[in-house]
Amino acid sequence: MTNSTFSLKNPRIEVVDALRGFAIMSIMLLHNVEHFEYYHLPESFPDWLVALDKIVWDSLFFLFGGKSYAIFALLFGFSFYIQNDNQVKKGNDFRVRFFWRMMLLLVFGMINTAFYQGDILTLYAFLGLILIPVVNWSNKAVFITAVILMLQPLEWARCIYYALNPDYVAPPNLSNAYYESIGNFMKNGSFMDYVIGNLTLGKIASLLWSWENGRFFQAPALFMLGMLLGRKQMFTTTVENIQFWKKVLRYAIVLFVPLYLLKTYIATLVTRVTMSNKLSVIFSSWSNFAFMCVIVSVFVLLYQKESVVGTLAKLIPFGKMSLTNYIMQSMIGSFIYYRYGLGLFEYTGATYCLLIGIVLFFIQLSFCTWWLKTHKQGPLEYIWHKATWISFGK
């Protein structure tokens, strides 16, 4: 079985939709074990369950923490390439329309934030605008820019400053105070308290956390790399591309091991907290990127195998409706775990939450499969598409 190839008539590539579905699924599982960022450890759990919860938590964050969003960002850039390329073939300039599309994504992001303050759509709506000026750059220029951003230049600049000023002590992250305030309204808030708090304190906290953890540099780099993968048609099935992904897998594994060790033990190697905190951001970003490359390359290579592709292809409907699924997750998850809903955060640890997440995934997957039998797009994808191409007049 082979993937569909590029054409103006049928621009979709199955493996990309399946990979996007995998990313959304893993994001959903992480959100569930976090109680959708309502962190709480239930009391009176037996020791065996506490130990199992720790294994589940550590395993999921090792596999998906920071990697699932990276895959999502990579495919965000790839999708931009597909849309822009289709319009170029028709003789249209997509840049203004893409700006409008990002403003619409911002609206979707704010709706999602009302339910879940950890929303990523608003960040992508702003950072995605960087694709507008670079869309016509050469592959070399885009790649060099992506590498520079991926290197986390701001964090290195701070490290140099700290090295030159050994007595300097960096203040606590600004996001810490906001997350403390969020904890207060989450303990006793009504639904409207949650909505208002998420859209104000929560949104600020989330954006500050993204800034403090290098996402403002990593995400645009991934957008550009995804665009380059589209330009080079690296997701189509050819002998050369299969060799490319095998090479990516080998290099990514070799890079991941030392980067993960550095990330894990940097506080021991560098005892000055001010310095080790920034180095941790750098090595975490690089480690997550390397492991993301492992996941993507393994997924693409497995998709070429007859014995596996049938199973992975079942994720295609989930990936095609990624926007609908992402926002639906927030609505359902917040109701399940927050106090204005079922309040299950008090009674569930990582193991129970993983089981809940798996059940919710299969419910959503069934809905997506049913919906796409009679519709070309998911409900929110349809609205986004129609609004994107609304006529502004002459």
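A crossing is right-handed if the near helix is turned clockwise from the far one by less than a right angle. I keep that convention at hand for these entries, which concern a predicted model.

**Entry: α3 against α13**

I looked up the pair α3 and α13. Helix α3 covers residues 67-89, and its axis comes within 9 Å of that of α13. The two axes cross at roughly 70 degrees. Angles of 65 to 115 degrees count as roughly perpendicular, so α3 is roughly perpendicular to α13. I noted the hand as well: α3 passes α13 in a right-handed crossing.

Next I listed the residues in contact. From α3 I have K67, A70, I71 and L74. They meet N288, F291, M292, I295 and V296 in α13. By class I get 7 nonpolar, 1 polar and 1 charged residue.

**Entry: α8 against α13**

I stayed with α13, residues 273-302, and turned to α8, residues 153-164. Their axes come within 9 Å and cross at roughly 155 degrees. The cut-off for roughly antiparallel is over 145 degrees, which means α8 runs roughly antiparallel to α13. The crossing of α8 past α13 is left-handed.

Which residues of α8 meet α13? I find E155, W156, R158, C159, Y162 and A163. Their partners in α13 are T274, M275, K278, L279, V281, I282 and W286. This contact of α8 with α13 holds 9 nonpolar, 1 polar and 3 charged residues.

**Entry: α16 against α17**

I then checked α16, residues 322-337, with α17, residues 350-371. The axes come within 11 Å and cross at roughly 140 degrees. Roughly antiparallel needs over 145 degrees, so I log α16 and α17 as oblique to each other. α16 passes α17 in a right-handed crossing.

On the α16 side I recorded N325, M328, Q329, I332, I336 and Y337. On the α17 side I recorded C353, I356, L360, Q364, F367 and C368. How many charged residues does the contact of α16 with α17 have? There are no charged residues, with 9 nonpolar and 3 polar.

**Entry: D17**

I moved on to single residues. D17 sits in helix α1, residues 14-33. Is D17 buried or exposed? Its relative accessibility is 3%. Buried means under 20%, so D17 counts as buried. I also looked for a partner to its side chain. The D17 side chain makes a polar contact with the side chain of R20, at 3.2 Å.

Most residues other than glycine have a negative phi. I therefore wrote down the exceptions I came across.

H35 is one of them, with phi near 55 degrees, a positive value in a residue other than glycine. H35 lies in the loop between α1 and α2, the latter being residues 47-64. I get 2% relative accessibility for H35, so it counts as buried.

S44 has phi near 65 degrees, again positive in a residue other than glycine. I place S44 in the loop between α1 and α2. Is S44 buried or exposed? The relative accessible area of S44 is 75%. Exposed means over 50%, so S44 is exposed.

**Entry: recap**

I close with the pairs. α3 is roughly perpendicular to α13, α8 is roughly antiparallel to α13, and α16 is oblique to α17.

Technical notes. Residues numbered from 1 in each chain as written. Predicted model: local features only at pLDDT ≥ 70, side-chain atom pairs only at ≥ 80, totals over all residues. Heavy atoms only, no water. Axes fitted to C-alpha atoms, helices over the stretch in contact; angles between N-to-C directions. Helix = DSSP H or I, 4+ residues; strand = E, 2+ residues; numbered from the N terminus. Parallel < 35°, antiparallel > 145°, perpendicular 65-115°, else oblique. Contact = heavy atoms within 4.5 Å. Nonpolar A, V, L, I, M, F, W, Y, C, P; charged D, E, K, R; others polar. Buried < 20%, exposed > 50% of the residue type's maximum accessible area, 1.4 Å probe, protein only. Polar contact = N/O pair within 3.5 Å; in protein donor to acceptor, adjacent residues only side chain to side chain.
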